[in-house]
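Good morning, colleagues. Please look at the display.

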Amino acid sequence: MGAFDAPARPGAMLFNTIAYAKFFALIFVAYWLLARHRAFRLVFLLGASYAFYAHWDWRFLPLIVGSSTLDYWLALRIDAEQEERARRRWLVLTVVCNLGLLGFFKYWNFGAGAAASLLAALGLREPGPAPWAVEVALPVGISFYTFESMSYVIDVYRRSMAPCRSYLRYLLFVAFFPHLVAGPIVRPAQLLPQFDREPELDARKGSAALFLIAVGLLKKVAIGDYLAVNLVDRVFDRPVAFSALEALAAVYGYALQIYCDFSGYTDIALGSAALLGIELNENFRSPYQSADLQEFWRRWHISLSTWLRDYLYIPLGGSQGPPWKTYRNLMLTMVLGGLWHGASWTFIFWGCLHGAALALTRAWQRFRYKGGVPPRRRGPARALAVLLTFHYVCFAWVFFRAESFAKALAVLKQVGTLTTFHPNLPATVLAALAAGALAHALPDPAFARLQGRFAALPAPAQGALLFAAAVALREVSTSAAVPFLYFQF
């Protein structure tokens, strides 16, 4: 399955639906009625989170409960052990169990298919589907909550945090519904202490959270979904039917679609958590304004990139040792990061593109600058670097988005025809592209000022603006809610 084909399961509670609005309204009222009673509040929130997950597929509730329980118990065992060899054995068990579950549900059929193809190429079996493939649904959010739970046990093993003694709080850390399905990947040291404190919410914070949710929905529905339905999906499904200009617009459109879709989801998640008095971590920071790929990964999907850095790249050796080891570590980290997104050779190739470019960037910095640290780019030099980085990221996105190498190459080939007819780029599509670019280019201080001004408005004015946003969403939305792209990961 590619990054474009993630149908919602029956009953799935998408953030961009009335069902979620009703669900959250009930949760909000009951939660704040229980705010001063910690045990009841946490039990209620855990039950609500499991109910939210069950709307996707109730059959996987035992999986998330069992996975959380195992890591909770193993962390306690690791903390109690004094002998390093025993602690390491428990850690290995944690990693094997977590990656084993992830591997079975997400990568078994991919590996089976690859093995079958290899055996057929060697003449050891007849070409065809792998007989050992299994029909199994992918548990929604498994990549996200697996990484979160693993990071907790690893942190306890490193003694960088004390283990959580409350089984209830730990289950809630893993299952907390705003970040459960598609992140951001939350560190235990950030979220667990917040469950102990009595939550606080004033009118200004609540208004800022509502503003964030409204912006997230507008980015997702009015820009991301509109570009997907009216441009991106059409071009990537049948590239030869479009001109070079239209194909190039679709490549740019996908860059904006995936940004508006995923950052819009993050906005809704952060806003939903904030209305419950919980703070989640930032996940995007205008990534297409980056002057190189190192900066891009400090701005894009920040919770994943920092997780890969802290739990994969640095344990591999990071930038220590001879240069070739740094380049190897960068390549391995990004290839595995690509594979994390899905069981597909196109995702792996996307990771290879980023890993190779990061290694070349690091090699150039070591060759060109004293100490390997480049000076801060300014003016035209930075503008050119941003332009080149953006286009390389867009080139890599083609393989991330396409369902096969053949489709990706067909899109790139179509761009190379240099034809310019554009009947499929009406004013509405151009307006969505412009809106996506503006949403991304808005500086963080400017966004914070807009959010602050909204929060300072009288309640009737806020209500009128939110109602106008709801009307706009209704006018531009598709007949059925479109799932968020990262829900399949």
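The side chains of Asp-261 and Lys-220 form a polar contact at 2.7 Å. Please bear in mind that this is a predicted model. Asp-261 belongs to helix H10, which covers residues 244-274. Is Asp-261 buried or exposed? Asp-261 has a relative accessibility of 2% and therefore counts as buried, since the limit for that class is under 20%. Which residues does Asp-261 touch, if those up to four places away in sequence are not counted? They are Lys-220, Asp-225, Pro-483, Phe-484 and Leu-485.

Phe-104, Trp-108 and Trp-132 make a nonpolar surface patch of about 300 Å². Of these residues, Trp-108 sits in helix H4, residues 84-121. Its relative accessible area is 40%, so Trp-108 is classed as partly exposed.

Finally, the chain as a whole. Its secondary structure consists of 19 helices and zero strands. The C-alpha trace spans about 65 × 65 × 55 Å along its principal axes. Among contacts with a separation of 6 or more, 77% join residues 24 or more positions apart. The chain exposes about 22,400 Å², and 67% of that area is supplied by carbon and sulfur atoms.

How values were computed: Residues are numbered from 1 along each chain as its sequence is written. This is a predicted model: local features need pLDDT of at least 70, side-chain atom pairs count only at pLDDT 80 or more; totals for chains, interfaces and linings use all residues. Side-chain values use heavy atoms; hydrogens and water are left out. Helices (H or I, at least four residues) and strands (E, at least two) are DSSP runs, numbered from the N terminus. Buried means under 20% relative accessible area, exposed over 50%, partly exposed in between (1.4 Å probe, protein chains only). A polar contact is a pair of N or O atoms within 3.5 Å; within protein, one must be able to donate a hydrogen and the other to accept it, and residues adjacent in sequence count only if both atoms are side-chain atoms. Contact means heavy atoms within 4.5 Å. Patches are made of residues with over 30% relative accessible area and no salt bridge: like charges are joined within 9 Å, nonpolar side chains (Val, Leu, Ile, Met, Phe, Trp, Tyr) within 5 Å. Accessible areas come from the Shrake-Rupley method with a 1.4 Å probe; for residues, only the protein chains shown count as cover. A salt bridge is a side-chain nitrogen of Lys or Arg within 4 Å of a carboxyl oxygen of Asp or Glu.
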